[in-house]
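Visitor: Please take a close look at one part of this structure, the open sheet, and describe what surrounds it. I would like the strand pairings first, and the rest of the chain after that.

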Amino acid sequence: MTAAVEKAAVPSRGIYINSGTGGQLLPIDIGHAEYMAVVNPETAFWALSRKDALADNLTNGKLAALFKEKSAEFAEEMHMLRFGLKPSAVYVNPTERCNLDCSYCYIPADMRRFGEHMSTDKLIGAMTRLKDYFSQTMDAGRRPQIIFHGAEPLLNKEALFEAIDHFGDAFGFGVQTNATALDDEAIDFFTSRGISIGLSLDGPAAEITLKTRRTWRGKGVHDKVLEAIGRLEGYPSFSVISTATTENLMHLKSMVELFHGLKVPTCMLNQVRCTLPRARTVRPQDQDLARHFIAALERSHELYQETGRKLVVANFANILLAIIAPTARRLMCDISPCGGGRAFFAMSPKGDLFPCSEFIGLPEFNGGNLFKDDIASVLDSAAFRKVTERDLDTFKPCGDCAIRHFCGSPCPAEVHEINGAMEYTGAFCEFYEEQVRYAFRLIADGREDAYLWDGWDEGVETALDVVLR
Ligand code: SF4
Ligand code: SF4
């Protein structure tokens, strides 16, 4: 044996992309006439290159040097986002009941119809425990968030209002409501305290909203929601969620026009979550969803150009941020493991704890009870770990996908309920591919800021915008 081979193996100098230690940069067709993207799948480092300069950019050493310079920072940031977060928010359901019977609701019908309200004392008791817990786990300067969620939280209005006033500044508060009980008193209460308000509306006209959102007697709620939106005009902390289904897909563009006309600052055009079987009856095809969704985004951009006023489509803005400034993202679905059980968790009116509200109808994901169990042990329970350990690096095709850290392969609840296990592709794979391709096209054209909140980059440490001309 020669002296040379007795030595330990020496890694390459990393001067060639995609071999040795040169780092992987996979080319992606983004559907742009002039540009392609290259992405490092592990760290989510990316660059855009003119197509006719791609070979040169991959071989002239500049891209390799840039990747070498930035990759450690990107890897660390991605690791922190994926594995280093601690909960700072709780979705609190103060009642099991809801006055509506929406087609895609993830809470079982019996629970919504005949379920229980939390008493004021019980709600305040639960929040006292949460406050104690966060005082031990969060830095003193940060405030934990409580988002009152549904079922319909305003059906238990007295308890809700008392609890909010009892805790004052100890928490930042938000409420997600179907808006049917959002009367003047409730609006005054929330807006005078700076509480974020999220409403739901699924159509630009009453007959379209009625297809998925209705009372138990089949009556529509469209006009009531519109009234509430009108009364919230000028309040900066409100948003409207539309759930995109087969029933309203072709109207997404009109939804954007309606919201923009009503001066809604932020909306979400969320694809329907297919956790319970009934929701799957209105599940759109990915290609149709992508086409209508992108047309709606384009319309939001036209309206911004015409009026100078933005309507931010938050679920898409989050994908853009996942690409240009991962730590600035505000929603935690499009990352793996997702935020459920890591960045936040959810509590039912009985005090049962789940990784996310999406699991509230699924008893096997109950990790314990706030009144009986230690929160830290609930977060480490087998029920929670099933969700928090769903790592898309470990299963195919996501583990081989170059855009996996812009997508996150959501959602574990629907993946589990559709497939019976966690290690399956997210329910809207191709929709995510199209969103990422569109986001890169916007970046190539320098249009991305128009789709983001003003001031999105304040306090953001790492933002990437590498466009090689
Ligand atoms: S991906 Fe699903 S489980 Fe995770 S945070 Fe989003 S809705 Fe909740
Ligand atoms: S769901 Fe599809 S787009 Fe998302 S990471 Fe998996 S393979 Fe990629």
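**The open sheet and its surroundings**

Guide: In this predicted model, Cys-267 stands opposite Val-313 in strand 10. The two strands concerned, strand 9 and strand 10, run parallel and are joined by 2 bridges. They belong to an open sheet of 10 strands with mixed pairing, in the order 10-9-8-7-6-5-4-11-12-13. Its edges are strand 10 (312-313) and strand 13 (368-369), each of which pairs on one side only. Strands of a sheet pair through backbone hydrogen bonds, either parallel or antiparallel.

Leaving out residues up to four places away in sequence, Cys-267 touches Ser-239, Val-240, Ser-242, Phe-259, Leu-311, Val-313 and Ala-314. Both Cys-267 and Val-313 belong to the largest nonpolar core, which has 139 residues. They are among the members that touch the most other members, a group that also includes Val-90, Leu-269, Ala-317, Leu-320 and Ala-439.

Phe-259, one of the contacts of Cys-267, is a buried residue of helix 10. That helix spans residues 252-261, and Leu-252, Met-255, Val-256, Leu-258 and His-260 are buried there as well. An α-helix has 3.6 residues a turn, so residues three or four places apart point the same way. In helix 10, Leu-252, Met-255 and Val-256 are among the buried residues. The cover over the buried residues of helix 10 includes strand 8 (238-244), strand 9 (266-271) and helix 12 (286-307). After helix 10 comes Lys-263, which has a positive phi, near 60°.

With strand 5, strand 4 (residues 89-92) pairs in the parallel sense over 4 bridges, and Ala-89 stands opposite Gln-145. With strand 11 (residues 344-347), strand 4 also runs parallel, joined by 4 bridges. There, Tyr-91 has Ala-346 as its bridge partner.

In a regular strand the side chains alternate between the two faces of the sheet. In strand 4, Ala-89 and Tyr-91 lie on one side and Val-90 and Val-92 on the other; all four are buried, and both faces of the strand are covered. Val-90 is also one of the core members that touch the most others.

Strand 5 pairs in turn with strand 6 (residues 172-176), in the parallel sense and over 4 bridges. Here Ile-147 stands opposite Gly-174. The loop between strand 5 (145-148) and helix 6 (157-167) contains Pro-153. Pro-153 counts as buried because 24 C-beta neighbours lie inside 10 Å, where the cut-off is 20 or more. Not counting residues up to four places away in sequence, Pro-153 touches Pro-94, Thr-95, Phe-148, Leu-160, Val-175 and Thr-177. Pro-153 and Ala-181, 28 residues apart in sequence, are 9.5 Å apart in space, C-alpha to C-alpha.

The sheet is part of a protein chain with 18 helices and 14 strands. Of its 469 residues, 47% are buried. Among contacts with a separation of 6 or more, 68% are between residues 24 or more positions apart. The radius of gyration is 23 Å, which agrees with the value near 23 Å for a compact globule of 469 residues. Along the principal axes, the C-alpha atoms fill a box of roughly 80 × 55 × 40 Å.

Two ligands remain to be described. The shell around ligand 1 consists of Met-332, Cys-333, Cys-338, Gly-339, Gly-340, Cys-356, Glu-358, Pro-410, Cys-411, Pro-412 and Ala-413. By class, these are 8 nonpolar, 2 polar and 1 charged. Around ligand 2 there are 13 residues, of which Cys-398, Cys-401, Arg-404, Cys-407 and Cys-429 come nearest. Helix 16 (404-407) and helix 18 (429-444) are the elements that give two or more residues to this shell. Helix 18 gives the most, with 3 residues. The shell around ligand 2 divides into 8 nonpolar, 3 polar and 2 charged residues.

Conventions:
Residues numbered from 1 in each chain as written. Chains lettered and ligands numbered in written order. Predicted model: local features only at pLDDT ≥ 70, side-chain atom pairs only at ≥ 80, totals over all residues. Near = placed C-beta within 6 Å. Nonpolar A, V, L, I, M, F, W, Y, C, P; charged D, E, K, R; others polar. Rg over C-alpha atoms; globule rule 2.2 N^0.38 Å. Buried ≥ 20, exposed ≤ 12 C-beta atoms within 10 Å, placed from the backbone. Contact = placed C-beta atoms within 7 Å. Pairing = 2+ DSSP bridges. Core = buried A, V, L, I, M, F, W, Y, C linked by C-beta atoms within 7 Å.
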